[in-house]
Every structure is written in C-alpha cells, then in structure tokens.
Amino acid sequence: MGRAEAQDRGGRKWRNEEALLPAQESQRRDRTMAALGRQVLDWHRLIPLSWASILRQTPHFGEQKRATASLLRKLTTASSGGALKGLPHVQPRKYVQELECGTSLTQCLLEKQRAPVDGGSSEREELISSLLDMGFTDVHVQELLSIQPSPHPQQLLAIVSKLILLGVNPEPVCVALKKSPQLLKLPIMHMEKRSSYLRKLGIGEGKLKRVLHCCPEIFTMHQRDIDRIVKVLREKCLFTVQQVTEILHRCPYVLREDPGELEYKFQYAYFRMGVNHSDMVRTDFLQYSITKIRQRHTFLERLGRYQTPDKKGQTQIPNPLVKDILRVSEAEFLSKTAYSTAEEFEVFKKLLAREEEEESESHMSGDKSTSEEEEEEEEDEDKDEDEDED
Amino acid sequence: MASLVVSGARHLLRRADFAKVLRRHRHKKKWAATEPKFPATRLALQNFDMTYGVQFGDLWPSIRVSLLSEQKYGALVNNFAACDHVSDELEQLHARDFVNKAHSHGELEPESGQTAAPSPASWACSPNLRCFTFTRGDVSRFPPARLGSLGVMDYYLMDAASLLPVLALGLQPGDTVLDLCAAPGGKTLALLQTDCCRNLAANDLSTSRTGRLHKVLHSYVPQDVRDKSRVRVTSWDGRKWGELEGDAYDRVLVDVPCTTDRHSLHEEENNIFQRSRKKERQMLPMLQVQLLAAGLLATKPGGYVVYSTCSLSHLQNEYVVQGAIELLANQYNIEVRVEDLTHFRKLFMDTFSFFPSCQVGELVIPNLLANFGPMYFCKMCRLT
C-alpha cells in the first residue's frame, strides 16, 4: 500500500486515498500514476514545444492531439475512479483549457487538416475541435452536433466535459446524449452539484456509463428524489453506504421506483424469502419487479420448493438460489427450478393476481368492518372459544 | 433490526401464512397477545407434506400448489327451477356441461373388446344431471345463483368433482336411496335431481349440519317434489343403520366425514388438525369403516354402494374400503364386490385429473388447470 505522487506544473500533489481501495486496485493505481507521472512531465515539455513546432511540424499535429487526448483520459480515469474523497478536478480542467488555448491558435491548420465540417461560426469550430481534443471521433462530433433541439455550443461543451471528467468515455457519452437529449438542457450549476454528488457516492467511470445508459434521470431528477431513495435504502432497509453505491450502480432503475414500493420489495426479500443484505446486493435483487418476484417465489413456496427460513435461518429443504429463481428466463425457471409447466404457471399467475386484488380490497375496507365483526365474534363464543380463552 | 420489524413487516409476516384465512376466522385479537404460532392450517399442511409427499412422490408439488390456490367450482343446474335459459346463460359465459361432454365422449368411442365387458348397470351414470364448468385453464368464477320464477334457485355451486360419486352410483328410476352422511347437502341435492328416487333418506349425525341440509333442500327443491320423493331427513348415528334399516336400499351413498383436506388448509375454525382434536382425527379411519359397513348392511343384496371422501389419504380411502369389505365377510358372512370404474373414469378424463394408481376406486387429484377435488370414490356391489 504505497503512495505515489505526481507533480504537476503548479506544484500541487495528487494523492491516492488508498485506504478505501483493495490492495490490488491500489497497486494498479500506483503503476498508472507512475507512468502518468512520466507522461505528465513529458507532456509539459510538449506544451511549450508544440506551440512552436506546430508551425513546423504540422503533419504530426494530429497524432499529438490524439496522444494528449488519451493522456487526458488517463488522467481523469486515474483521478476519479473509486475514491470517495474526490481528487481536485481542477487539474484536468486546466489541461482542457490549455488544449483549448492551444487549438485556437491553430485554427487555420485545423481547417487545412480536416475535411470541411458543415460551415458555421468560429464558435462552432471551436466546439468541434474541443470535442475532438476530448477524444471524440468525427462521427461522434457529427452526432453530437445533430442533436435536436440543438444546444448552445458552450452548453454542449460544458455538459460533455462534465461527463468526460466523471470518467465516462466519449463513445458512451455520445450514446447517452443522443438517447437523452434532455441532459443537454441542464443548468451547469445543477450539473456541477450532481457530478460531485455522484462522485461522492462513488459512481463514476464504467459504473456511471451503465447508469447513464439505463437511467439518465440520475442527472435530471431532483436531488430530493434521489435522496428519498437513498434514505429508504439507508434508513429503512439498513444497507451500508457501500452497499447503497453498489445498488445504485448495478440496479439504477431503483431510482425510478416509488420509495414505499422499494421498501416493500426489500421487506419481501428479507422476511418472506430470508434473503440477507449482501445477497440482495450481490444478486441485483432490487432490479426485478415485485410482481415477478412474488409470482415466482409464491409459486415455489406453494409447490413446497421454497421455505421461509426460521429464526435461526434454517430450512428443512435447500432453497433454490435467487439467481435460479429470478435471473433465469421463465422457461428455464419452470424446467430447472420449479419443475412445472408453463400452463400451470399461467393459471397460477392469474389466480395470484386475483388473490392480491382481493387482499388489498379487504385491507382497505377492513378497518371499517372490524367493529362489526368483533361483535359477531362475541356471539359465537361458546362454540369455538375454548382454546383462546384464558 | 427492530425498526425493520415494526415498519409494516408484521403485515408481511401475516401474509407469510401459506393458507388464506377468512378474516372472521383468524385468531381473536382481543385476547391473543401474538399471532398463533402454529395455526391448525399450518399443522394440516405439515401433516400433508409428510404423508402425501411419500404417497404421491413427484406428483405432490402440483397437488400441493393447487390445494393452496383457489378451487374451481361447477354449477349444478337445478332441474326443478324449470328454466331452460340457465344453460344458455352459462354457455354464454363459456362454461360447458361436463356430464354431457362425457356422454358424447363415451358414445364416440367404439366399445373395444375388453376381456370383461362391464355390465351396463355398473357403469351407467345417474341420469338428468347437468353441471357446468369452465374449461381447463379458465379461472373465471360463476356469478352467485339467483332465485328463479318457481321460488327456487337456478343452480347450485359446488366442487364439480363432488358430482362424480353421485354419477357413479348409477341411479335408476324407482330406486330407494340412502344418503348416510348427507350434510351439507350438495350430493343429496344431486340425488334428487336425477328424479329417480322413490324414497330418499338423508341422514347426518350433527344437528347443526342437518339444519344446513334443510336449507339447501328448501332453497332448491319445491315442496311437491320433496313430498313425491318422500325425502326424510334424520339426525341419527349412521353406524347403527345396519340394525335400523338393514337390507332396505337399492342405492346407498356413504360420503363419510374425513380430514376435508382442502378445507383444512384454509379454514381455521373447527379445524380437525387442531391439537385438541388429534384423537378424533386418529379415530377417523375406524369411524369410516363402521359407517361404510353400516351402509353396506343397509343395502339390499344386489344393490350398490358408493363410498366417497374428500381426502387424499390412503388410510381414509382404500384401506377403509378394504377394511369394511373384510369386516362384512368375517363378521356377517356377506360378500361384497368392488366395481371397476375404469370406463367411468375415461369418460371424465378431459375434465378432471385422476390419480393413475389407486388399488380400488378412483381419486380425483387437484391440478392448477382443473382445480377440483380431492375426491375419492369407490363403487361396490353387495352380492349376498
């Protein structure tokens, strides 16, 4: 568990918060940081040189841009992945700015280098080159620019850079923005706050890519709605902070759920099925719909193939694994876990739906009729009260 | 974890009881401090898992899930309500008369040369019975029966499998009939529907249950028919019938008290699996043998008896039949022959799910697609 530091131009040091990372992870980090250290130093040499050499060595410019873009990616990857205490993200931004400065001086060269992009203002060209610098390909750039309604270039750039800085690669950023153009309408401040919140939760890079893909609302939704879900998970379900992060990144759809229903789902798993917290996280239990969970579990239970564990967590028969119940397709569930037929399961689902409808109806009217029924019960006393009466 | 338990989990734990309990039959909250830890319904299920798991093997899970889920009903058309539109209305709902279906099924099949061609009297079904059910896989429910123009209800909702013992008895016009354990009255009503009863004696030991029998008869059978069929309702001890009315009846139905398997999984009240009724439950097979023996003694020589239960247990079914036959042979020197109901079973195979390996008699087993039964029945002929 060593520490690696890299010096940048401004003399600030980057630190690794390795206490939170497993040993292997931190070793990899060390290596990356070391390599990075060298590259950074090289790059610093590059920067002053490039300005001058640009004019002389135009053919190489493209490659250098590639290199710097990939470097940038490495820097941000190393900096933001996994660590809960956010590293100062000021550094990468500085580099972005420097790149921007660098490129603006070489506009004319750009125009010569590249196939003509759809004409427009120089602002637009600035945008394009910034995007290219960040590692987007021409195709990506085209796609981003064609998103309707088209955002202001600055807005687009800001949102895009935020995502890049959170460690998402250009391709997924592009896909996400195409799929959910509403992301581009977000105010920058909101984007800032949300980014740092996500970083705090430990959702970045690949994890964020996945979440962004399934559930872009993670950026657009109100903070209070995210808080509500996190609160249910932490306070009602008693998941640990790490478990909550795992859940959010693996089952991002929980963000869309009604907090009450999410809690019910957890309770069903915990009390009815005897699934503990870590198994719930590991098997991505919370992503499945409560209907599917109830159908398959109740079916198994009534078949006699699943038992609710007793107080000591024991059952008389070995219960099938969660993955064999929920993760598999219905056909496989029926043949390998339930040993039953599709027709029987279809009928069962209908019967169960009706039962639940009637349960909920009787619950709603239950409070009203209780007093009536208690009077009725008093009259019937002699017949069947022998056991209860004490 | 205390907070986890309090917040709504109680509601879930209640639902964790496999069987659905009617609200008024749950434990009395006023006195009980906690939920009953081991309700009788749960004891019943445990008992079944132990015995039937062994008895039925791989078939048990599908029977179990069916028993725990909502059962399927049949609508026995009331011939005395004299409304033809009832059949039409029921067909509109996409229900079909399974008795009719069975008969046409039987006619289509050529009489393949069996070694022992069953004599007509033994497998002919009791006539005039119409009972509608929904098709396999259809979970629709029948609307409640309504009062017809003649002041009696238009149909009677019952487990369709309950009709099979009555069909198997094969009533013929002019028969004197005894229903030894008649309450609550579904089968008794069916016997009357055949219009074959010169005399019908309906008996049940319990007076409260005979009360229900009276209600059913009043709601479904007009006074003149009851008079014509000389329906006599009594509350005597069925075991005494050999002495009371020996050798008197053409057809006898002995639908004995049993562990009422399906009912015992859902109803807590007066459940026979309560610990306080353990002795009673263990004595059941003996009681059943005595009742069947009495029924046989009350049959005329050459007459027929059908024994039926709504339990899956060997001990209450085949063992009782064999025990009663032995008893009659040894103590009374009376010979009784078990009738083969294979042909009968084939008629109804499309509607019901039968257990393939009964030593004697037939057993309808619940299945999600045809959630009728359990219903065991065995037909016997008193030879001497």
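Predicted model: local features only at pLDDT ≥ 70, side-chain atom pairs only at ≥ 80, totals over all residues.
Trainee: How are the rings of A:Phe299 and A:Phe345 arranged: stacked, edge-to-face or tilted?

Mentor: Their centres are 4.8 Å apart, and the planes sit at 45 degrees. Stacked needs planes under 30 degrees apart and edge-to-face needs over 60. With 45 degrees, the pair is therefore tilted.

Trainee: Over in chain B, what kind of pair do B:Phe48 and B:Phe273 make?

Mentor: The ring centres are 5.3 Å apart, with the planes at 90 degrees. Anything over 60 degrees counts as edge-to-face. So for B:Phe48 and B:Phe273 the label is edge-to-face.

Trainee: Where in chain B does B:Phe273 lie?

Mentor: B:Phe48 and B:Phe273 are both buried. B:Phe48 sits in helix 3 (residues 40-56) of chain B, 225 residues away from its partner. B:Phe273 lies in the loop between helix 13 (261-266) and helix 14 (278-297) of chain B.

Trainee: Which residues of helix 4 of chain B does helix 3 of chain B meet?

Mentor: Helix 3 of chain B and helix 4 (residues 60-67) of chain B pack at about 145 degrees, with axes 9 Å apart, and their crossing is right-handed. Helix 3 of chain B brings B:Leu45, B:Phe48, B:Asp49, B:Tyr52, B:Gly53 and B:Phe56. The contact residues divide into 6 nonpolar, 1 polar and 2 charged.

Trainee: Is the peptide bond from B:Gly373 to B:Pro374 cis or trans?

Mentor: Most peptide bonds are trans. B:Pro374 is in the loop between strand 11 (362-364) and strand 12 (375-382) of chain B. Omega from B:Gly373 to B:Pro374 is near 5 degrees, and the bond is cis.

Trainee: Is B:Asn333 buried or exposed?

Mentor: B:Asn333 has a positive phi, near 60 degrees, and lies in the loop between helix 15 (318-332) and strand 10 (336-338) of chain B. Exposed means over 50% relative accessible area. At 67%, B:Asn333 is therefore exposed.

Terms used. Residues numbered from 1 in each chain as written. Chains lettered and ligands numbered in written order. Heavy atoms only, no water. Phe/Tyr/Trp six-rings, centres within 6.5 Å; stacked < 30°, edge-to-face > 60°. Helix = DSSP H or I, 4+ residues; strand = E, 2+ residues; numbered from the N terminus. Buried < 20%, exposed > 50% of the residue type's maximum accessible area, 1.4 Å probe, protein only. Axes fitted to C-alpha atoms, helices over the stretch in contact; angles between N-to-C directions. Left-handed = near helix turned anticlockwise from the far one by under 90°. Contact = heavy atoms within 4.5 Å. Nonpolar A, V, L, I, M, F, W, Y, C, P; charged D, E, K, R; others polar.
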